[in-house]
Amino acid sequence: MIPLIRLMRRLSVLPVLLASVTLFALMVLTFCDVVLRSAFSAPIEAATELTRIAIAIIVFASLPVLSGRGGHIAVDLLDPIFARLHLERLRDGIVTTLSGVMLLWPAWRIVDLAERARSYGDVTEYLAIPVSTVTWFIAIMTFLTAAVLIVRGLMIWLAPRLLWEAGHD
Amino acid sequence: MTDSLIGFAAVLVLVLLRMPIAFAMGLVGLVGYALETNFRGAISMAARLVIDTSQDYGLSVVPLFILMGLFVNKGGISRELYQVSNAFLGHFRGGLAMATIVACGGFAAICGSSLATAATMSKVAMPEMRKYGYADSLSTASIAAGGTLGILIPPSVILVIYGLLTETSIGQLFIAGIIPGALGILFYLAAVYISVLRNPAAGPAGPRATWGQRLAALRGVWSVLLLFGLVIGGLYGALDVWPIHLTFSPTEAAGMGAMGAFLIALARGGLTLADIREVLEETALTTASLFAVLIGAWIFSNFVNIAGLPEALANGVMEMGLAPWMVMALIVLIYVALGCVFESLSMLLLTVPIFFPLVTGMGFNPVWFGIIVVVVTEISLITPPVGLNVFILKGVVGNVSTATIFRGVTPFWMMDILRLLLLLLIPGLTLFLPSQMLP
Amino acid sequence: TETLTISSWLPPTHPINTGMLEGLVKMMEEATDGQVTGEIKLGLAPPPAQMDLVMDGAADMTVIFHGYQPGRFIGTQLIELPGYPGNAEAASVAYWHVQKAFLDKLDEHRGVKLIALTTHGPGQIHSSKEINTLADLKGLKTRLGGGVSAEVGAELGLVGIQVPAPKVYETLASGAADAVAMNMGERVSFKLNEVAKNVYEMPGGFYRGSFAVLMSQERFDSLPEDVQKALDEKVFGEPASRMMGAVWDQSDNDARAATEAAADNKIVTASAEDQAAFAEMAARVREKVLAQISAAGIDAQAAYDMVMTEMTAAAGN
Ligand code: NA
Ligand code: NA
């Protein structure tokens, strides 16, 4: 189990790398677009749709990793009380698992919507990139996020030591 | 109305159970929307918002402004900012704390987040103030309070999100934040002055810098001025002069700022490939967490919308015959109360969908209201018992109790309330600059 | 009473909300003796999501702009072509007729019930700089709405800037764009009188913009039969389309009056030579678009002729 978790951690480098490269490219794209427009009156016409796709990649490549690290924004106001009652683990386990499970329905629907976009022939304005491609990427990453949250939640609850040990290699 | 209030309570409970805000709002919004309409529709609504929010062109300013702040930080600019304000202010009583406030204001001009401003400045300013025997209460409080300027002085992630939630011009919001932000610096300087007046031992005067030292320190801040000038000048249309003609939308300003910060950090040397990777990774993960919250908030606000809360509130106000200023006073009081428990983003996301239609329906200016919301949000960051900036200080500094910090923050908090009243009573302070922006 | 939830993504004061959707609610109430009414909900989702919302029952009705979903709508470009004479009301009625006669075959609105079709009045160029001739348009950084307007923009030598409609004001104010292509009425909706003080007007317009009102088929089927019948006969189709076109015309007229009244605003009408020159460009665009529609499987030329004949007749009256 521990080697598996460690493998997952190593693999999580890949989506983070994808997000990082896309982010850097987005920065350069915006810069070039402004300079070309200001200096030569020749903006990159596809910049808007490329920007849209870039953000989708940045967000959804990062989301499973963020979820796996428990990095979502949360309020820790009652932490001391839960700690005193020794209910932290139970609470985090249930809440994390539940967060993962509730993602499954939208994830399935995103697949439907991707297929619908394909059947209607939706494409982007300038580059004619199929809308369904990006939507499928979002769907897959949403499923992955759900899976990561469910596994993480169950482990916090049932096997916290595994999670802890795997984190200290 | 009842449905919405139950939903609101459900979100509160889930959030207090430490469910991530994104999931708490998303779940309640989804279930509520399903009960108001049907399950299939609610799921589709949520799924579409996941797809569309993550491809919203306007939201690309979020990662780009975060990126700019992180690159700037890697370039060592925060330290130089502190050194230069110290060279000019350090020899006054409480001068190091005053220098901290000014440096926070300067750093806020290139960083969009209050937490990042506080965290960064605490690493730079705290050791100096300890060295000169400043009381922990004053030094931590000046950083915690000064850090809140991060979201008022443009660029500001909170103003961006307010603009996106309410379709208010982000450019105008940014420009509108400048005078209230400058006022904030002045008022905080006054708070330092009051603190050392009451307890002179809390902030002894530091050594006086020579003019030579001051000029040498000034040379370090050109990059901050350059970046701020580029971003705000481009937004304001001030760079639309021959032969540059640089004008940009907020998204583009963010992109230019990020690229500029990257190039400056690179030019100063010391920016390794590992640094770049770290900055990009942190930005991507922060972006993902913000987008998740935005999607959840939108789903929740759709539930509130379909359940008819905005209309019910507006009707209620009409029936009670409240004057607009009374409603505004009530809203501000609610914000200050909520500010005790909530941190900035969640407070904004929970309340703006409810209050905004009411406020604009009564004829208040959306840009002005945005600035008011950000100022009360700033106040929430240093209001006990949950003041995020105070916790940041506690986290970075370590051996100081939150009670000490909150005690030191009191004069700053009172100056904040004073500033809030001023902004409420004189809308021109907020709206003058944006009104000059129109061609 | 059945209350239909109508989702709209336009700004609250836009004529689509205040005139058309409110007007549609009134028509439905009158036709059904108050058995059916509607409630407009703003900002539930961005424009491209609207059709999905209705298809899956998250809302009962919505209005869509076809140009926001490139690839999905081909036949709807027919009404966007430049060169038709006449106002938005005539165009909207002719649009519904040609939909029934030809475009229905393409089944582009499959999955939902088509309630009404409309197009705004002639699209013109609104700019911060003064434009006096067709040649002045070359290289102008212009926000275009997609669909046929993009094709026309390419012919004119415009440089396309892509921003959503609500961002048009700040894009122009910041100088990131020099101009925007919109119908006259949007000068009021998007406060163009402040940031685009010059209008370069082509009689008949540079293009038009195609919209549709959609309803959930399931929701419609759930209504009592007599209500369904009343709606289908007295509201949906031509009556609703005509009403919407008339609202566009009214907004165009109001905005023209406001523009003429503003001392610093100016409307320049294209000269006879420029009109002739643009007619050639329009012919090229028409040929290209009709070829696309033909390829989708209908007699595009016949459909075009039908719209042209009907609108010429209406304009002659
Ligand atoms: Na800032
Ligand atoms: Na607080």
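A salt bridge is a side-chain nitrogen of Lys or Arg within 4 Å of a carboxyl oxygen of Asp or Glu. The model is predicted, with local features needing pLDDT of at least 70 and side-chain atom pairs pLDDT 80 or more, while totals for chains, interfaces and linings use all residues. Residues are numbered from 1 along each chain as its sequence is written, chains are lettered from A in the order in which they are written, and side-chain values use heavy atoms, without hydrogens and water.

**View 1. A salt bridge links chains A and B.** The side chains of A:Asp79 and B:Arg18 meet at 3.2 Å, N to O. Between chain B and chain A the count is three salt bridges.

**View 2. Chain B meets chain A.** Each chain gives 57 residues to the contact (heavy atoms within 4.5 Å). The buried area is about 5200 Å², and carbon and sulfur atoms give 77% of it. This area is the accessible area (1.4 Å probe) lost on putting the two parts together, summed over both. B:Arg18, B:Phe23 and B:Gln55 supply 14% of what chain B buries against chain A, more than any other three residues.

**View 3. An open sheet in chain C has five strands.** Their order is β2-β1-β3-β10-β4, with mixed pairing. Strands are DSSP runs (E, at least two residues), as are helices (H or I, at least four). Two strands pair if DSSP finds at least two bridges between them. β2 (36-42) and β4 (113-119) of chain C are the edge strands.

**View 4. β4(C) and β10(C) run antiparallel.** Six bridges join these strands. C:Ala116 stands opposite C:Val213 in β10(C).
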